[in-house]
2 protein chains.
Amino acid sequence: MSDNVGKGGRGDVDRRVRRSRLAAREALIELILEKGYEAVTVTDIIDRADIGRTTFYAHFTDKQAVLFSNLEELSDMLRLSPGSRPGTLFSFSLPLFEHAQEHRRLVRALLGRRGGPTVLARGERLLAAIVRDELLAALPPGRVPPASLDLVATCVVGAVMALLRKWADGELTATPAEMDAAFRAVVTPGVSAMLNGGLLRGDEHGEVL
Amino acid sequence: MSDNVGKGGRGDVDRRVRRSRLAAREALIELILEKGYEAVTVTDIIDRADIGRTTFYAHFTDKQAVLFSNLEELSDMLRLSPGSRPGTLFSFSLPLFEHAQEHRRLVRALLGRRGGPTVLARGERLLAAIVRDELLAALPPGRVPPASLDLVATCVVGAVMALLRKWADGELTATPAEMDAAFRAVVTPGVSAMLNGGLLRGDEHGEVL
DNA sequence: CATTTATCAGAACAGATTGTTCGGAAACAG
DNA sequence: CTGTTTCCGAACAATCTGTTCTGATAAATG
């Protein structure tokens, strides 16, 4: 059950299996976009995918398992091109938004308002790891990582994900370049100041300028 | 049904009604913290709250209705003290985090990982309105609101909500003051630069525009 | 081509959840 | 005390879930 690829371990899965699984995944995406994740039932999926109930439960344990199966496709997308021009913070941003546009349909189903919360959480964790690494890498050599590094990373991830979500839902019309520019303009000055200069002396939350 | 307070419109609701509704709300919170929102069933609620099935559906249409009923308590909490010392951006931040700590249990149930996504969306909208107003107010007189104001507001809201969520889930241990400081340190420099200086000319690595 | 093997469909199933309806008991208000 | 409102308990149809059968069918193998 669940996700076993089969005996060979290779990509040489039975053609029927591939067909059934793919049908279920695509059916779920369509249905999410139509009704929202919560409202989709297993019965809906097998009806739309035109597969038997038995077949479904032979490959997936849950509705959620199908979702995760789809998520891998998306997470492969995220794990691309670190780019990493060395003086540039958050170089993942632009490629991320660009690829999101190419796979907009999928992104919308998974990350959008109609998508499930679990996927969002997983996406956040994924991105958080990337951001954390970049922050550590961008730290001037010799500096100890500030205690508030987690806080900063959380802010950054939150900002990116918020942009991505609102864009996927159509509440935001912007090109990838615009979103990248806005994100970077908001976040980069503060972050690099913290990395190079003092971390966060309370600057007694008074005048911020 | 649903949410009518009664004839008087005052707080003079029947004691039995008050009792039943409160019992349902508190039961839901407990159950969310135990099992997560999705897993909670109406049967669970009425069992825990010790009210009849009929009674439940007499007061709430849905599981979600109970959730929203709880949300009002929280949203009242957010709609406090604009503070608004006039040169200070995002003055809502510290009070927000402080009040979140006071009502941590509620915040965790509603906004945390085990909470429902709908509430989160509503909370975001609420916060987005506040942020938008503050951005417009902080704009130097005469300047036209940049086209990317929505993008910026989205980033800011995303950062705050991300902090709040991770903190509620216990994945982040920080005092309200620390969270406020981190949030402000990350976001404020970039935002005020955009408001006062040029909007988003892509400071090097972008050539956006 | 024939055989063996694994996958598939269809139906039927128990269990759980939802939202509704009924009659009678209890709490409330005047 | 009397009439009204709310509550409870039970029972209900409808839906969804996850499992289990049996027979059909497609694929891999010799």
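A polar contact is a pair of N or O atoms within 3.5 Å; within protein, one atom must be able to donate a hydrogen and the other to accept it. By that rule, 2 residue pairs are in polar contact across the interface of chain A and chain B, both at pLDDT 80 or more. The model is predicted.

**The interface of chains A and B**

On chain A, helices α7 (117-138), α8 and α9 each supply at least two residues of the side that touches chain B. The most comes from α9(A), with 14 residues. That side of chain A divides into 24 nonpolar, 6 polar and 9 charged residues.

Chain A brings 39 residues to the contact and chain B brings 40. The size of an interface is often given as the accessible area lost when the parts come together. Here the two chains bury about 3,400 Å² between them. Carbon and sulfur atoms carry 73% of that area. The rule also finds 2 salt bridges across the interface of chain A and chain B. One of them joins the side chains of B:R165 and A:E124, at 3.1 Å from N to O.

The most comes from α3(B), with 4 residues. By type, the surface holds 4 nonpolar, 8 polar and 7 charged residues.

| Residue | Protein atom | Atom of DNA strand D | Distance |
|---|---|---|---|
| A:V42 | backbone N or O | phosphate oxygen | 3.1 Å |
| A:R53 | side-chain N or O | base nitrogen | 3.1 Å |
| A:Y57 | polar side-chain atom | phosphate oxygen | 3.0 Å |

**Two buried residues of chain A**

A:D169 sits in the loop between α8 (149-168) and α9 (176-196) of chain A. A:D169 counts as buried because its relative accessibility is 15%, and the cut-off is under 20%. Leaving out residues up to four places away in sequence, A:D169 touches A:R108, A:G112 and A:R113.

A:T188 lies in helix α9 of chain A. A:T188 is also buried, at 15% relative accessibility. Its side chain reaches the backbone oxygen of A:R184 at 2.8 Å.

Notes:
Residues numbered from 1 in each chain as written. Chains lettered and ligands numbered in written order. Predicted model: local features only at pLDDT ≥ 70, side-chain atom pairs only at ≥ 80, totals over all residues. Heavy atoms only, no water. Nonpolar A, V, L, I, M, F, W, Y, C, P; charged D, E, K, R; others polar. Buried < 20%, exposed > 50% of the residue type's maximum accessible area, 1.4 Å probe, protein only. Contact = heavy atoms within 4.5 Å. Buried area = accessible area lost by both parts, 1.4 Å probe. Salt bridge = Lys/Arg side-chain N within 4 Å of Asp/Glu carboxyl O.
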